[in-house]
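Take a walk through this structure with the text below as a guide. Keep the sequence and the 3D view side by side.

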Amino acid sequence: MGGAVTKPDGQETKLEAKIIEAVQRRASRGTTMKSFNSIVLKFPKIDEGLRNCKAIFQEFDEDSSGSIDHTELKNCFRKLEISFEEDEINDLFEACDINEDMGITFTEFIVLLCLVYLLKDDSSTLQKKWRLGMPKLEPTFETLVDTFVFLDENKDGLVSREEMVRAIDESGERSSGRIAMKRFEEMDWDKNGMVNFKEFLFAFTQWVGIDESEEDDDDDNKA
């Protein structure tokens, strides 16, 4: 996968601005996370929750190509009763199609759904419809949002290198500084010293064990 999608001039996109605002709204309610260790302990459960997305992904990958194209994504939103405007769907598709092959892979689909979960937070109507469509995924996505809010110490909607180092330092692990820097580098694709929620999500899926090549192998084994 490549770097985070931003405008050529380096300015944040309209979608990225909305995501930052949504994270800040969520941060105003606080976080249940107490330490980085408490996050690590949740990895197995998060992994299990994210894998529940597989059946949803396969349902909307109508041609079984291994990715969801733009038309399939619109069908997905319609069936799940997710009321986004056409331009919002286009922005989400472009932001999550990291390898720019005009298709959303399984990992990209997880990130996209979590972004939808975050962005729907200010709409009670959409929230009710979401729960009808994917109730099992909501606790997992809430944990991911909660984790990002914990790391975002100054609540500006982004995670800095210093915030990541402090979070892991407090865990008391040996070599925590080196671990923190490695984790941060895995998140900071565009190397600008700040991590947005989308970058965090892509890195987190790898941390908990969701791997695109592994998913491809699973599909091959079933064939």
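Helices (H or I, at least four residues) and strands (E, at least two) are DSSP runs, numbered from the N terminus. This is a predicted model: local features need pLDDT of at least 70, side-chain atom pairs count only at pLDDT 80 or more, and totals for chains, interfaces and linings use all residues. Residues are numbered from 1 along each chain as its sequence is written, and side-chain values use heavy atoms, with hydrogens and water left out.

Start at Leu113, which lies in helix α7. Leu113 is buried, at a relative accessible area of 0%. Buried means under 20% relative accessible area, exposed means over 50%, and partly exposed is in between (1.4 Å probe, protein chains only). Leu113 and Cys53 are 60 residues apart along the chain, yet their C-alpha atoms are separated by 9.0 Å.

Cys53 is buried too, with a relative accessible area of 0%. Cys76 is likewise buried, at 0% relative accessibility. What keeps Cys53 from bonding to Cys114? The distance does: the sulfur of Cys53 is 8.9 Å from the one in Cys114, its closest cysteine sulfur, and that is too far for a bond. A disulfide is a pair of cysteine sulfur atoms within 2.5 Å. The structure holds zero disulfides.

Now take the annotation. UniProt, in an unreviewed entry, places the feature "domain: EF-hand" at residues 48-83, 84-119, 139-174 and 175-210. UniProt positions are given in the numbering used here, feature names are shortened, and annotations may be inferred rather than shown by experiment. In the model, residues 48-83 are 61% helix and 0% strand, with end C-alpha atoms 27 Å apart. Residues 84-119 are 69% helix and 0% strand, and their end C-alpha atoms lie 10 Å apart.

Next comes a helix pair. Two packed helices are described by the angle between their axes and the distance between the axes. Helix α6 (residues 86-96) and helix α7 (residues 106-119) have axes that come within 9 Å and cross at roughly 140°. That makes α6 oblique to α7. Axes are lines fitted to C-alpha atoms, for helices over the stretch in contact, and angles run from 0 to 180 degrees between N-to-C directions. Angles under 35 degrees count as roughly parallel, over 145 as roughly antiparallel, 65 to 115 as roughly perpendicular, and the rest as oblique.

Two loops deserve a stop. Lys155 lies in the loop between α9 (138-151) and β1 (159-160). Lys155 is not a glycine, but its phi is positive, about 60°. Lys155 counts as partly exposed, at 32% relative accessibility. Lys191 sits in the loop between α11 (176-187) and β2 (194-195). Lys191 is not a glycine either, and has a positive phi of about 55°. Is Lys191 buried or exposed? Lys191 is exposed, with a relative accessible area of 58%.

End at helix α12 (residues 197-207). Ten of its eleven residues are buried. Among them are Phe197, Phe200, Leu201, Phe204 and Trp207. Asn196 caps the N-terminal end of α12, with a side-chain oxygen 3.2 Å from the backbone nitrogen of Lys198. Such a polar contact is a pair of N or O atoms within 3.5 Å; within protein, one must be able to donate a hydrogen and the other to accept it, and residues adjacent in sequence count only if both atoms are side-chain atoms. After α12 comes Gly209, whose phi is positive, near 110°.
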